[in-house]
Amino acid sequence: MTTIAVIGAGVVGSAIARELTRYRVRVVVLEREPDAAYGTSGRNSGVLHAGFNNVPGSKMARMCVEGNRGFDALARELDIRYKRTGKLVVGFDEDDRRVLTGMLSRGRENGCMLEMIPRAEIDRLAPKVRGEFAMYSPLTAILDPFEYTFALMENAVRNGARFLFNRPVMFISTNDGVYLLHTPTGDVRADFIVNAAGHGAAALARTLGLPEIETYPCRGEYYVLDKRVGDTLPLPAYPVPNPRAGGLGIHLTPTVDGNVLIGPSNEYTSDADDRATTAPVLEELLRDGEKLLPGLSRGQVIRTFAGVRPKLTNRGGYHDFVIERSGCAVNLVGIESPGLTAAMPIARYVTELLGEVTELTPRADFDPYRKAFPRFRDLPDEVRRELVRENPAFGEIVCRCETVTYAEVLDAVRRGARTVIGVKNRCRASMGRCQGGYCGSRIAQILHSELGLPYEEILYHMEGSWMFLPHTEGAADES
Ligand SMILES: Cc1cc2nc3c(=O)[nH]c(=O)nc-3n(C[C@H](O)[C@H](O)[C@H](O)COP(=O)(O)OP(=O)(O)OC[C@H]3O[C@@H](n4cnc5c(N)ncnc54)[C@H](O)[C@@H]3O)c2cc1C
């Protein structure tokens with residue numbers, strides 16, 4: 001059977017893997033990190049964009065609109081949460097109005113539903129948000145990017161795909177018309193390659209037929225605010241973007257779990273792995289956030305993080321996604337925003353490109369459904385009581401801030417979490433106000449007992465982030 005290797009287990013690689021399992025092919029995904037969604041896919045605003053920010057006719061525009069429209073059906077199949085909150089881009093003066101009017105007509109050209117609304121309507125939708133008027137996009141939605149990526153991966157696995165973690169593809173060679181993907185722990189043979197390696201894609205693409213391509217890392221820093229702020233922001237609120245900057249402007253986004261994000265900033269960096277947050281930028285976030293939602297303060301912050309865009313331009317603005325087939329390889333380069341929204345249409349397009357060079361025979365037994373595990377905190381008391389009666393593991397709260405039970409942590413491990421962060425990203429244990437101060441060691445203990453991992457091998461996040469030191473003979477004498 002034909003083997004297709006997908007490089008990268010972000011949202012795009014996972015969507016592609018799922019889409020390919022509709023056909024009679026063997027799908028193997030190679031990911032350099034210990035889990036999915038460790039790259040840009042887990043470090044973004046979690047907005048399902050409507051598609052008005054992108055140039056009409058571009059892949060970005062087309063795939064964003066298609067991704068947004070198709071999400072209701074997809075979310076039902078994958079049993080994932082999202083909210084069609086709508087979104088406001090607020091303006092304050094006549095310059096803003098001119099830019100918004102241009103955005104509105106471009107957005108309509110892309111097929112988006114949009115309207116200009118007065119202050120009175122902002123008062124109805126989001127009374128605490130500042131602004132004299134706004135462009136309102138009713139179809140914009142919010143989702144949990146981790147949940148989405150894991151659901152795609154789980155469904156791909158259910159349909160036969162294999163995900164290999166800690167398998168960085170160092171280089172690729174060919175032998176008798178077959179690709180060899182070289183990794184530190186052995187080679188993987190494949191007839192076709194899909195290079196969805198995010199920041200690693202340009203380097204791999206240069207060996208796979210796109211010699212001239214380069215991406216420029218552009219970091220976006222965020223504040224995560226406590227859920228108490230969540231009630232004040234029912235929908236994402238954006239400023240009018242500066243067309244010369246690389247992003248959409250520092251905005252405020254509620255998350256599906258009730259937190260609020262402030263960010264992201266826009267800073268070109270030399271290192272795609274540099275996800276540091278910095279004091280001057282964080283100051284700026286709070287200042288700009290306050291312009292949209294008064295009353296924000298550092299006391300509401302529970303965490304900072306950063307995501308890095310793989311941009312195809314180093315001069316701000318956007319360059320369209322590059323998705324090109326070269327022989328038996330498809331390269332995806334510069335999949336920055338709106339890549340989360342566009343992941344599924346991208347996956348279908350990649351499948352079309354592969355269909356040009358190999359026969360893809362549909363399988364009758366493809367199962368599009370994946371079932372989520374119960375989220376204890378979202379359930380009414382009578383359902384909770386029933387769950388605890390059926391399974392006492394629901395009776396132990398592991399994470400007090402987010403009300404995550406032992407049963408949910410176990411489920412996260414059984415679905416593939418191998419690190420503390422892997423558990424956190426799947427079920428939110430340690431994502432709350434104390435950031436794991438209370439439950440971090442209990443999660444490590446569960447990883448130890450469920451997986452038989454020695455404590456000193458348990459990782460918090462990446463390779464090298466050990467949580468426990470091995471016992472050292474005589475350490476006490478030396479101190
Ligand atoms: C600050 C910010 C905000 C954003 N907000 C939004 C938003 O609100 N809505 C939206 O639609 N989009 C948004 N985006 C864009 C979106 O997050 C990305 O387009 C999307 O996540 C890209 O997914 P990916 O799978 O291509 O990349 P990634 O998630 O980066 O996945 C690539 C994977 O490849 C792996 N890899 C790299 N090199 C190798 C190798 N050699 N071998 C094996 N594996 C390798 C990496 O470890 C990584 O896991 C935002 C992006 C940023 C940075």
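Among the 39 residues around the ligand, those that come nearest are Gly10, Gly39, Gly198, Gly200 and Gly339, a residue being near when its C-beta atom, placed from the backbone, lies within 6 Å of the molecule. The model is predicted, so that local features need pLDDT of at least 70 and side-chain atom pairs count only at pLDDT 80 or more, whereas totals for chains, interfaces and linings use all residues. Residues are numbered from 1 along each chain as its sequence is written. At least two residues of the shell around the ligand are supplied by each of α1 (11–20), β19 (301–311) and α10 (339–355), where helices (H or I, at least four residues) and strands (E, at least two) are DSSP runs numbered from the N terminus. By class, the shell holds 16 nonpolar, 17 polar and six charged residues, with Ala, Val, Leu, Ile, Met, Phe, Trp, Tyr, Cys and Pro taken as nonpolar, Asp, Glu, Lys and Arg as charged, and the others, Gly among them, as polar.

Helix α10 also packs against α2 (residues 59–69), their axes coming within 7 Å and crossing at roughly 95°; axes are lines fitted to C-alpha atoms, for helices over the stretch in contact, with angles from 0 to 180 degrees between N-to-C directions. That angle makes α2 roughly perpendicular to α10, the class that covers 65 to 115 degrees. The contact (C-beta atoms, placed from the backbone, within 7 Å) joins Met60, Met63, Cys64, Glu66, Gly67 and Asn68 of α2 to Thr341, Ala342, Ala343, Met344, Pro345 and Ile346 of α10, and comprises eight nonpolar, three polar and one charged residues.

Just after α6, glycine 160 takes a positive phi of about 110°.

Conventions: Parallel < 35°, antiparallel > 145°, perpendicular 65-115°, else oblique. Contact = placed C-beta atoms within 7 Å.
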